[in-house]
Amino acid sequence: MAVGSATVCISVELFGTARIKAGVGVVPLRVDAPMTLAQFARALAQECPALLGNALCAADADSNAVTIADGYALNRNGLDFLPTNPICTDYNAPLDLRGGDVLLLLSNQAGG
Amino acid sequence: MMSSTAAPDAGAIGNDGRRHGYRGYALVVNLSTGEYRRDPIAPALLRAAIGGIGLGVRLLHRYGAPAVDYPGEEIDDAERLRLLDAAFDPDNPLIFTTSPLVGTRLTTSSKFAVLTRSPLTGFIADGLSSSHLAVELKRACGDALVITGRAAQPTLLHIDTDGVPHLRPAHDLMGLSTMDTEAAVKARLDDGGRRPVRVASIGPAGERLVRFASIANDGGRQAGRCGPGAVMGSKNLKAIAVRGNPDDDPPAADPEGLRRYARDLSRRSLGAATAKYRELGTVANVSVFNRLGTLPTRNFQQSTFEHAEAVSGELLHQTRATRTAHCANCTIGCEKVFSVSTKDGTGQTDAAGVSARLEYESLFALGPLVGVGEPDAVIRAVRKCDELGMDTISAGGVIAWALETAERGLLPTLNQPHSSGATGAADTPLQFGDGATVLALLDDIGHRRGFLGGLLADGVRLAAARIGGDSDDWAMHVKGLEMPGYEPRSLKTMALGLATTPRGACHNRSSAYDADFSPDVNRLEVDDRRGRIAAASEDYSAALDSLIWCKFLRRAFGDFWEESATVYRMVTGWDDFNADELRQAAAQIADLKKAYNQRWGWRRSDDTLPPRTLTEPLPDGVAAGTALTPAELDGMIADYYAARGWGVNGRVDALPLMSF
Ligand code: SF4
């Protein structure tokens, strides 16, 4: 555990194809807080590898970095949408997470 | 039919002197006199209008009945009803427009627009539909088909490869569902071997002037909202059958460039930008909207539904999905067909094999909005609407109002004597959550059967006016059009879009919700950027709807404006057309729609939301306690008018190019 950080329990709710691929609707995660978006994505991929190639993807060929896939969005507690676009988002910026937070992983295509 | 003018041979002339992209005329058919003509459309106007909705709104101004403007005058209920009923006058035109992209191999481009004046709102009705009919319309009718007058008897309008319209008797088609009408027309006109005719038709609801009747084409696609099917019914026009000549397709100015672009766009259309639509379709919205507290439930009394999981796209996909359908020329295929199950989870269809294309709006309106959480009941209800030829959103909306009104004692719940003089539908208990009730009511509405059927067939605004009490307070409509499945109190940018869109409570001509589902704004609060965002979203939609691209393709573009302008150049040969001109064309469409509505009595007070959304905070979900005050909405509307350059009264005074 990094200095000044604590382990917290959060959960990730999956929607759409991500839920079908993972076979579950909710993925509980124990993570260090504060953490970055990159760390969150990697932790989720480790816990739920079925999401790789779908809602999560490898950031590049040479590392084990993971990003939220294009076409997906991340929402905190059903309230705030978080920037996730790998081109214009700093994946190493801290992600403000607290114990009990729920992150929603959903399609970024809102229409219907 | 008699032609009163010779066909013009001029089309839209590209800079190389050849005709590209457009046919250069509209086929105008008068059902009263049996005459037809081909009216040229000037190249400059085609270029300014683009096509689709942009062309249609200009044609609506041109061919529409002369109307009074009402600046500063109050409009009472009797006058309002007269204006609504005037949509059934023979001189209200029913207009089909195509676009320069129709007939190309560009993905999702086989689309057409349908415009008329709505008997539900009294204002512009501008809808889109898709598939093979678009291609045949352009071949046989030119850039537009304008239908005026009223036939003396039930009629089938048949236009074949020579482009000459024929009015054929259609007594034998009356009473048939939209699907059966299409099949019967195809069988009747089948000449063994040639390409099939493509058919647009109305069902029993259109025949009976149900004010939210739709026009169906190509196996169940619908121009659904605002009642174009009722206008078609008022013209005694049961169906239109079209088959054009492929040799009449105007060639693209740069066919090789267009082929390359089309290939690249098709590739992009299969990527992440359209994944939701390809994989689950828009039914995927149910579980998301429920979680975000924006799934209108039981007539907007709640924003979450306790049975959302049972009717979620995820579960439906696993238990009832049978196949994916595509519009002609589409690589995405958002249309998911679902069948009722004999046993939950088996995916087997029952003996009747009832199935329906489900998309989010139909699912929301005939599920959570009426409290129904049983998927088979929703599938049957959607199928019923498609057969009768009715807009699912309005049908669900008006039934939800009736259920709440019955709960509050202003409508009978079951064949009980009632002070209003009303009697209930036979054996139909009016209560939320009963799929059989919904199905029975849909049938009554589609046939205008009984007191309730007749009452609800006029839409929620007129129904509430007739029942009185406070029932207007929970009549969920804007400008008379029933609300789609976006809760405005928890989607503040969308609230503005719903309040100001010219055709009423519409989620298609503006996609202001895009901002609410992004990190760009706080969807639960208002700020002074929303007017600009809503206007920009509306312009973006206007460009999509005029070119016409499917809106589900929109995230597959890089720079939408630059790419679309490039495509337009490749198709038309107008090499000096650029993204700025496209933006200008899109912005003019909002002016033209507003000007049209002003002619038919638009008041500032028409740009608003239902009282419930402005007085009751949300009771449940993550957004519980969130409200939208009248002052907040008014502030956003003022910002929107300013963004449009309309001034504080929201009126437009100068019209863009209208010379035909
Ligand atoms: S994405 Fe859906 S609505 Fe759009 S063109 Fe394709 S099938 Fe039709």
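I'll start with B:D607, which sits in the loop between α22 (579-599) and α23 (611-615) of chain B. Keep in mind that this is a predicted model. Is B:D607 buried or exposed? Its relative accessibility is 2%, and the cut-off for buried is under 20%, so B:D607 counts as buried.

Which residues does B:D607 touch, leaving aside those up to four places away in sequence? They are B:K479, B:A499, B:T500, B:K594, B:W602, B:I637 and B:Y641. With B:W602 there is also a polar contact, side chain to side chain, at 3.2 Å.

Now the rings. Over all chains, the structure holds 21 aromatic pairs. One of them is B:F96 with B:F112: the ring centres are 6.1 Å apart and the planes are at 35°, so this pair is tilted. B:F96 belongs to strand β4 (residues 94-97) of chain B, and B:F112 to strand β5 (residues 111-117) of chain B, so the pair ties together parts that are 16 residues apart in sequence. B:F96 and B:F112 are both buried.

Ring pairs also build a cluster. Its members are A:F81, from chain A, and from chain B the residues B:F289, B:Y360, B:F364, B:Y486, B:Y513 and B:F517.

Last, charges over rings. B:R117 lies over the face of B:W600, 3.5 Å from the ring centre. B:R644 lies over the face of B:W646, and there the distance to the ring centre is 5.9 Å. That is what I have for today.

How values were computed. Residues are numbered from 1 along each chain as its sequence is written. Chains are lettered from A and ligands numbered from 1 in the order in which they are written. This is a predicted model: local features need pLDDT of at least 70, side-chain atom pairs count only at pLDDT 80 or more; totals for chains, interfaces and linings use all residues. Side-chain values use heavy atoms; hydrogens and water are left out. Rings of Phe, Tyr and Trp (its six-membered ring) pair if their centres lie within 6.5 Å; planes under 30 degrees apart count as stacked, over 60 as edge-to-face and the rest as tilted. Helices (H or I, at least four residues) and strands (E, at least two) are DSSP runs, numbered from the N terminus. Buried means under 20% relative accessible area, exposed over 50%, partly exposed in between (1.4 Å probe, protein chains only). A charge sits over a ring if NZ of Lys or CZ of Arg is within 6 Å of the ring centre and within 35 degrees of the ring normal. A polar contact is a pair of N or O atoms within 3.5 Å; within protein, one must be able to donate a hydrogen and the other to accept it, and residues adjacent in sequence count only if both atoms are side-chain atoms. Contact means heavy atoms within 4.5 Å.
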